[in-house]
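I opened my notebook to look up how this structure is put together. My entries follow the order in which I looked.

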Number of protein chains: 2
Amino acid sequence: MTNTHTKLTNLAGPEVPSFTQQEFERRVERARELMTLHRLDGLVLTSEANIEYLAGFVTQFAWTTPSRPWYFVVPRIGDAAAVIPEIGITNWLETSWCRNIQTWPSPRPDDEGLTLLTPLLLGIPGQFGRIGFEIGPESRMGMPVRDFLTVRDALSPRQIDDCTLLMAELRAVKSTAGTDHIRHICRIAGETFAHVPDFVKVGDSERDICRKFAADLLLRGADKVPYTSIGTGQGGYSSIIMGPTDRGVAAGDVLIIDTGAKYGGYFCDFDRNFSFGTPSDEVVRIHDVLWLATEAGIAAARPGNTAADVFLAQARVLEEAGIPVGNVGRFGHGLGKLITEYPSNAPGDTTVLKPGMVLTIEPSAMYGDYIMAHEEDILITEGDPELLTPRASREITRIG
Amino acid sequence: MTNTHTKLTNLAGPEVPSFTQQEFERRVERARELMTLHRLDGLVLTSEANIEYLAGFVTQFAWTTPSRPWYFVVPRIGDAAAVIPEIGITNWLETSWCRNIQTWPSPRPDDEGLTLLTPLLLGIPGQFGRIGFEIGPESRMGMPVRDFLTVRDALSPRQIDDCTLLMAELRAVKSTAGTDHIRHICRIAGETFAHVPDFVKVGDSERDICRKFAADLLLRGADKVPYTSIGTGQGGYSSIIMGPTDRGVAAGDVLIIDTGAKYGGYFCDFDRNFSFGTPSDEVVRIHDVLWLATEAGIAAARPGNTAADVFLAQARVLEEAGIPVGNVGRFGHGLGKLITEYPSNAPGDTTVLKPGMVLTIEPSAMYGDYIMAHEEDILITEGDPELLTPRASREITRIG
């Protein structure tokens, strides 16, 4: 065991350099340009993705427990400021560039930082009379909502509006350093997927497969494995988002593992299918059509096309093969500091693709009582997209 | 590698039986009693801990991405109901007892389930005119706040109030099955800590130590390792909540690892300290005093005492040794479906301890520029508390 641990760790190569001071300056500058466009005097950020993205603050602590809120305030004009629990000061100073910090001893149920945050927000120069909080679509606010309502009332007559879409737009086009992180974690997960037939065997429970899979990712250099869904069943699986069960895999099963693993604050998100023994003709056919649909999705992922175009290119392949689409609602999505970001490859999403965006290409198909999915991660460039994941084989991989 | 993966998985023994239908019925019944006390006509739950606790719905998908909200509604009178994305129906049916389900195709930015949720809430029999949402202290709401505000307005003149405290009270006293899950993950993490000297060596980076540590936990049977903080430094470390850095450990270093690992939806949360080579006299002394403070905290953790009493018992030991307390704000906390739950072992927390509560006992001390922490997990019983973690050795464990 000792040797294995020692040998495996970081097979994926040296760590990717972390983000420079200049990168954060560019991000903040661009955030301020967007504030002007969105007519916001400032941003109040409370979520891991957005605080890490703009402040550079890296921690596990803040996001694992709801006991203490953490605030990063970026005014359109003036200095950014952190309002954080006293326990976090060392962690903040070690990881963030921002030195304008106020702290309080938390937990303090009567006042979790509000008497620091409110005057700070009241002092923001107010051209538009509007402050942005993370309240919009696909958001989760990192503070108690009752505290948010208290702050909102104290800021009146200033208005509160959403800054989720602004932050999503800001994060959508990745820098070279951001892309390097995603490419690194895609490579690590690709190696783990390639080794699945070595460490998964008939009789393993789904839970044990997920544990071995996540452990392998970590030993190859992933920082975290927040997501490892699994589906197994004779001739197919019926869900692509299931947590693992105690079900033991058997000859004749089809297996899918889908993983969202993290490195340096960035996610990969892709899946692979396996057959225990010879797959049925139907499984072979569906796998092939999905592989072709993925090809079509990748080909359509070019600057100027929309996210809806990427959906339609994939859907057309399924339609021509007479296969109904799954119930996922979209065929891929943006990827970065969250496992799912804007845009959605879905009908009606008219987001125009730009170089630097990272997308998943993720067709899914229904057959009988089953569903099957494929997924790759790509970087939009000026020309052909760059495949960040090692492309799945056209034929389903066999185990045993 | 194959052999290691195969051999290690589930050394901690067979899976703990999952929760019975009767357990969920008792939980819902008790929730309704508390609704009467809190004068609430119903609960609208959106967070992993609370939905999993009452509905039994187990998933990774819903909580890893903010793209789709998931709602579980428990009226004081009448049937509970799920309002969930269509993609989740199989997962819901496989894991939850609740068969009263409405779905919508998500993501659907214009209406993420609100046209289903709102009429459902308007139909709740209204004795008190108040509905509970997770908006109170130490809460994070699992839906976009703007959607919450829309629902709130639609429910007017009914009032919205907090149900976080109700749910915390409900979850605080664990059932036998709940305790079995916590005991299981504490045992697994105890085994991993015992093997740290086998797989950690001088020259390892903090990041690699965390990866090997988390992989070992998984291979022994943990489901997830959301939290593995680490501190290292010559003669001591300066933060107990840091994420790992690229720093390589050296002879003369002190190392702390603190982990929150999960099994079957329940957390352990404890730490261990290590010395690379002979520890300094000061490290030996602080470690000993903290060990004694932990003893005192455990001894004070008896029914009828308050969480503040547990803090004071620990603080007294540090005070008598002339050692200043750390900046953590408390000396332990409740533990269960969240890594930190009510109560806080802190001055002023007058929560009276009851059999079935699970607490961490977690003194921390400042010395020079350093901080040191100890942590154990215990179950409150009618008599002496049950130690759920294998007790740390009184002397700091040496590596090399």
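**Ground rules.** I am working with a predicted model, where local features need pLDDT of at least 70, side-chain atom pairs count only at pLDDT 80 or more, and totals for chains, interfaces and linings use all residues. Residues are numbered from 1 along each chain as its sequence is written, chains are lettered from A and ligands numbered from 1 in the order in which they are written, and side-chain values use heavy atoms, with hydrogens and water left out.

**The sheet in chain A.** I looked up the strand order first. Chain A has an open sheet of six strands, ordered S4-S3-S2-S1-S5-S6, with mixed pairing. Strand S4 (101–104) and strand S6 (159–162) of chain A are at the edges with a single partner strand each, so one side of each lacks a neighbour in the sheet. From one strand to the next, the twist averages 20°. For my own use I noted the terms. Helices (H or I, at least four residues) and strands (E, at least two) are DSSP runs, numbered from the N terminus. Two strands pair if DSSP finds at least two bridges between them. Strands of a sheet pair through backbone hydrogen bonds, either parallel or antiparallel.

I then took one pair. Strand S3 (residues 81–85) of chain A pairs with S4(A) in the parallel sense, over four bridges. Within this pair I found Pro85(A) opposite Trp104(A) in S4(A). Helix H3 (residues 48–55) of chain A packs on the sheet and touches strand S1 (42–45) and strand S2 (71–75) of chain A. The direction of H3 makes about 55° with that of S2(A). Angles run from 0 to 180 degrees between N-to-C directions, with axes fitted to C-alpha atoms, for helices over the stretch in contact. Contact means heavy atoms within 4.5 Å.

**Ile84(A).** Buried means under 20% relative accessible area, exposed over 50%, and partly exposed in between (1.4 Å probe, protein chains only). Leaving aside neighbours within four places in sequence, Ile84(A) has contacts that include Trp70(A), Trp92(A), Ile101(A) and Trp104(A). Phe72(A) is twelve residues from Ile84(A) in sequence and 8.2 Å away in space, C-alpha to C-alpha.

**The sheet in chain B.** Strand S1 (residues 42–45) and strand S5 (residues 130–133) of chain B run parallel, joined by three bridges. Val44(B) stands opposite Phe133(B) in S5(B).

**Helix H7 and Ser139(A).** In helix H7 (residues 145–155) of chain A, the buried residues include Val145(A), Phe148(A) and Leu155(A). The buried residues of H7(A) pack against helix H6 (114–122), strand S5 (130–133) and S6 of chain A, together with helix H7 (145–155) of chain B. Ser139(A) lies in the loop between S5 and H7 of chain A. Ser139(A) is buried, with a relative accessible area of 4%. Its side chain reaches the backbone oxygen of Gly136(A) at 2.6 Å. Not counting residues up to four places away in sequence, Ser139(A) touches residues of both chains, among them Glu134(A), Thr164(A), Pro66(B) and Met143(B).

Note on methods
Polar contact = N/O pair within 3.5 Å; in protein donor to acceptor, adjacent residues only side chain to side chain.
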